[in-house]
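Here's a quick tour to read with the model open beside you. We'll go through the layout, the aromatic rings, the surface and the charges.

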Amino acid sequence: YFSWEVLRFLLSNLRMWIEDYRFDGFRFDGVTSMLYHHHGIGTGFSGDYNEYFGLHVDEDALCYLMLANHMINTLHPECITIAEDVSGMPALCRPVAEGGGGFDYRLAMAIPDKWIQIIKELKDEDWNMGNIVHTLTNRRCEEKYIAYAESHDQALVGDKTLAFRLMDAEMYTNMSVLMPLTPIIDRGIQLHKMIRLITHALGGESYLNFMGNEFGHPEWLDFPRIGNNESYHYARRQFNLTEDDLLRYKFLNAFDRDMNKLEERFGWLASPQAYVSEKHESNKVIAFERAGLIFIFNFHPYQSYVDYRVVAFKYKILLDSDAGEYGGHQRLDHSTEYFSEAYPHNYRPNSIMV
């Protein structure tokens, strides 16, 4: 139960950080624990509405969140608020005037967990395209989600970054362009690019990058504490890795830069959810349309394709993870224009052969 004094303290605290310290928004941590008397413990949240509406909902906490968001939105509409909620409570990210929780965004927390689970538990040939697409698109329509491929938890001490899970100790010995491209480094670099792009393009209405993920930082972050003798050794990101022309980190960084520039140009994050035209399990191909672009991903561990039919009208390659400047194998001709034909494919009237 929130007393009026506690409520005033919490709300004035929010105003102080905005007005005195010039904060431009807040990520509310552990919102799921606040929303329910059971704190989300031992609850699977299948999506059934009975899980979100009933006496197990903490109405005082929910009212506080609505009030906090309403106050921030009224006094400082330039600020954004983000909910860390795993339950998927309906309307949490709709305006208070609609009866919603008033948050601007919620974190798509299942996405980074899914990538780690896939990389840790499955062989490349066992990756499930339908499951990947489901995880990336499983969100409530007209509520904005922040997609991210790697969370801060993965990059803190005790866990591994996405790049390190893919390439492990070889990152310390085989990331030089003077060294032969080993199968582990090759696979890791290509998948790191593809995982970020498909998460960016399919997973939400905003994209979050944990610093260092954009260029495949090998090491975790560890702040000074008793357990490490107050050491600052790992309390930094090695941004110099991208500036060394002899290291392959520059390829990952260049891809991230151009991926974000392309989104800035076409605005897929502000566009409606993608239309997924293909999730082919044996071919390991995912294809979808968003913001007038067609995205095609080949996750097959060893099979490349020629004359592959996909849904489209006319297109020219805009971003290619296989391009040389991104550490790829340059198998595609970027000067080619592809034209559609009236050949029905995947429930669409037109398609092209690529």
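## Ground rules

Helices (H or I, at least four residues) and strands (E, at least two) are DSSP runs, numbered from the N terminus. This is a predicted model, where local features need pLDDT of at least 70, side-chain atom pairs count only at pLDDT 80 or more, and totals for chains, interfaces and linings use all residues. Residues are numbered from 1 along each chain as its sequence is written, and side-chain values use heavy atoms, with hydrogens and water left out.

## Two domains

The protein chain splits into domain 1 (4-107) and domain 2 (109-353); these bounds come from an automatic or database domain assignment. Taken over C-alpha atoms, the domain centres sit 31 Å apart. Where the two touch, 19 residues of domain 1 are in contact with 12 residues of domain 2 (contact means heavy atoms within 4.5 Å).

## Aromatic pairs

A pair of aromatic rings is described by the distance of the centres and the angle of the planes. Here, rings of Phe, Tyr and Trp (its six-membered ring) pair if their centres lie within 6.5 Å; planes under 30 degrees apart count as stacked, over 60 as edge-to-face and the rest as tilted. Searching the whole structure turns up 18 aromatic pairs. One of them is Phe-45 with Tyr-52, which is stacked at 6.1 Å centre to centre with 15 degrees between the planes. Both Phe-45 and Tyr-52 are buried (buried is under 20% relative accessible area, exposed is over 50%, and partly exposed is in between, using a 1.4 Å probe and protein chains only).

Trp-268 and Phe-295 make an edge-to-face pair, 5.2 Å centre to centre and 90 degrees between the planes. This pair ties together distant parts of the chain, 27 residues apart: Trp-268 is in the loop between helix H9 (249-266) and strand S6 (275-280), while Phe-295 is in strand S8 (residues 293-298). Trp-268 counts as buried because its relative accessibility is 0%, and Phe-295 is buried too, at 6%.

## A nonpolar patch

Trp-17, Tyr-21 and Phe-23 form a nonpolar patch on the surface, with about 310 Å² of accessible area together. Patches are made of residues with over 30% relative accessible area and no salt bridge: like charges are joined within 9 Å, nonpolar side chains (Val, Leu, Ile, Met, Phe, Trp, Tyr) within 5 Å. Accessible areas come from the Shrake-Rupley method with a 1.4 Å probe; for residues, only the protein chains shown count as cover. Phe-23 sits in the loop between helix H1 (4-19) and strand S1 (25-28) and is partly exposed, at 38%.

Most residues other than glycine have a negative phi. Asp-168 isn't a glycine, yet its phi is positive, about 50 degrees. You'll find Asp-168 in the loop between helix H6 (162-167) and helix H7 (183-202). Ala-291 also has a positive phi, about 55 degrees, and lies in the loop between strand S7 (285-290) and S8.

## Salt bridges

The structure holds 17 salt bridges, each a side-chain nitrogen of Lys or Arg within 4 Å of a carboxyl oxygen of Asp or Glu. Among them is Glu-19 with Arg-15, closest N and O atoms 3.0 Å apart; both lie in helix H1, four residues apart, about one turn of the helix.

Lys-250 meets Asp-245 at 2.9 Å, N to O. Lys-250 is partly exposed at 21%, whereas Asp-245 is exposed at 54%. Finally, salt bridges link Arg-27, Asp-29 and Glu-84 in a network.
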